[in-house]
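Subject: Structure handover

Hello,

Here is the structure I promised to pass on. Please open it first, then read the notes below.

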Amino acid sequence: MRLENRKVLVTGNAGFIGSHLVEELLRKGNHVVGLDNLSAGKRSFMDRVIMDDSFRFIEGDLLAVDLGKVLREVDMVCHFAANPDVRLGASNTHVHFEQNIEVTYRLLEECARNDVKDIIFPSTSTVYGEATVIPTPEDYGPQIPISIYGASKLACEALISSYCHTFDMNAVIYRFANVVGPRSTHNVTHDFIRKLKEQPSFLDILGRDPGTHKSYVHVSDCVRGMVIGIERAKDQVEIFNIGSKDRLSVRRIADIVTQEMGLKEVDYHWTGGVKGGRGWIGDVKDMLLSIEKLERFGWSPKMNSEAAIRQAVKEALRMEGD
Ligand SMILES: NC(=O)c1ccc[n+]([C@@H]2O[C@H](COP(=O)([O-])OP(=O)(O)OC[C@H]3O[C@@H](n4cnc5c(N)ncnc54)[C@H](O)[C@@H]3O)[C@@H](O)[C@H]2O)c1
């Protein structure tokens, strides 16, 4: 897919990853329309782009706005709006169905009607469920998600693929590991920083020591990977994992956070977790994605999980200090 001089709709543009993607799309000479209901996104995340003549922001909800009108202006859609809170699915089974599946269906319908042919979609490692092959490649199956969030994203992938084949559209789907970095508002490092600021000698940790083992990727590597994937995609529906080559335990993340905060002898208190030591229902215990496919297309992350987490913690502490 070409990625310059395009007119791109980015949904969820005021969120964590969407806001970084918008900056990169503008840097590459594209025009961007951002659409966000600011339910989780923030206006301040658009500070760097709001004055750019090639950028326009629409505050609106994807379930309510006249999408046809918006799509008539663009020739590509990066659909980043979603509810990404895995934990929520256990207490509210409707939210991921509505905010992820129904919203995506609505958007695809209007893309088909308005002849918008190119779709970029951020999916997730959670579509693999508890994979028995690690590192997990894109063609691993069967995919058996254990969270409603994972199920909703897999359903979106299936819808996107079927719309592409039905209406001659093209898609690039990314399955992300845990993405960290500036403007992230919901991950384990924030939870730890917040708790340690309140009580510097004690840290309450969800799960059973040493916790889950997962892979983390910095948002700068993630966005660079997406751009390469879009530009080099060959298949009508191309799927790429984006992650790093190592994984970290929750204990190691706690050690990195306490080191970066300059704290010593913090007493870790493990809650014991649920269903065999998981942090919450639907939490995958072991996740590492194979990134060989995107590496063959010319990308590789500059940071491993350890470096990405350390960098993200430094960035979060710096932002809080500002
Ligand atoms: N952060 C990660 O580690 C990660 C991992 C895998 C996949 N993803 C996916 O990447 C995408 C972006 O994630 P993120 O971490 O930046 O999340 P985020 O919550 O920061 O961003 C989502 C944005 O979508 C907006 N939004 C939500 N529902 C909307 C609606 N109905 N109408 C309009 N706007 C709406 C929110 O206000 C927010 O700005 C999501 O699709 C998520 O599922 C994220």
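Helices and strands here are DSSP runs, numbered from the N terminus (helices are H or I with at least four residues, strands are E with at least two).

Two points on the ground rules. The model is predicted, so local features need pLDDT of at least 70 and side-chain atom pairs count only at pLDDT 80 or more, while totals for chains, interfaces and linings use all residues. Residues are numbered from 1 along each chain as its sequence is written.

**Sheets**

Strand 9 and strand 12 are antiparallel partners, joined over 2 bridges. Two strands pair if DSSP finds at least two bridges between them. The open sheet has 3 strands in the order 12-9-14, with mixed pairing. Its edges are strand 12 (248-249) and strand 14 (286-287), and each pairs on one side only.

Elsewhere, strand 6 and strand 11 run parallel, with 6 bridges between them. Ile173 has Ile239 of strand 11 as its bridge partner. Strand 11 is mostly covered, with 5 of its 6 residues buried. Burial is a count of other C-beta atoms within 10 Å of a residue's own: 20 or more is buried, 12 or fewer is exposed, and in between is partly exposed; C-beta atoms are placed from the backbone.

**Domains**

The chain splits into domain 1 (7-179 + 217-242) and domain 2 (181-215 + 246-321). These bounds come from an automatic or database domain assignment. The domain centres, taken over C-alpha atoms, are 24 Å apart. Domain 1 puts 38 residues into the contact, and domain 2 puts in 31 residues. Contact means that the C-beta atoms of two residues, placed from the backbone, lie within 7 Å.

On the domain 1 side, at least two residues each come from helix 1, strand 7, strand 10 (216-218), helix 6 (219-232) and strand 11 (237-242). Helix 6 has the largest share of that side, 8 residues. By class, that side has 17 nonpolar, 13 polar and 8 charged residues. Nonpolar covers Ala, Val, Leu, Ile, Met, Phe, Trp, Tyr, Cys and Pro; charged covers Asp, Glu, Lys and Arg; the others, Gly among them, are polar.

**Cores**

The largest nonpolar core holds 81 residues. Such a core is a set of buried Ala, Val, Leu, Ile, Met, Phe, Trp, Tyr and Cys residues joined through C-beta atoms within 7 Å. The residues with the most contacts inside it include Leu9, Val77, Cys222 and Ile309. Both domain 1 and domain 2 give residues to this core, so it lies between them. Val77 touches Leu9, Leu107, Cys111, Val116 and Ile119, leaving aside its neighbours within four places in sequence. A second, separate core has 8 residues, among them Val127, Tyr128, Ile148 and Leu154.

Thr93 is 55 residues away along the chain, yet 6.9 Å away in space, C-alpha to C-alpha. Thr93 sits in the loop between strand 4 (76-79) and helix 3. Thr93 counts as exposed because it has 10 C-beta neighbours inside 10 Å.

**Ligand shell**

Which residues come nearest to the ligand? Of the 28 around it, they are Gly12, Gly15, Phe16, Gly41 and Ala82. A residue is near a molecule if its C-beta atom, placed from the backbone, lies within 6 Å of it. Helix 1 gives the most to this shell, with 3 residues. The shell has 15 nonpolar, 11 polar and 2 charged residues.

Most residues other than glycine have a negative phi, and most peptide bonds are trans. The following are exceptions to look at.

- The bond from Ile134 to Pro135 is cis, with omega near 0°. Pro135 is in the loop between strand 5 and helix 4 (148-167).
- The bond from Asp209 to Pro210 is also cis, with omega near 5°. Pro210 is in the loop between strand 8 (202-205) and strand 9 (213-214).
- Asn5 is not a glycine, but has a positive phi of about 55°. Asn5 falls in the segment before strand 1 (7-11).
- Asp168 has a positive phi too, near 55°. Asp168 lies in the loop between helix 4 and strand 6 (170-176). With 11 C-beta neighbours inside 10 Å, Asp168 counts as exposed.

Best wishes
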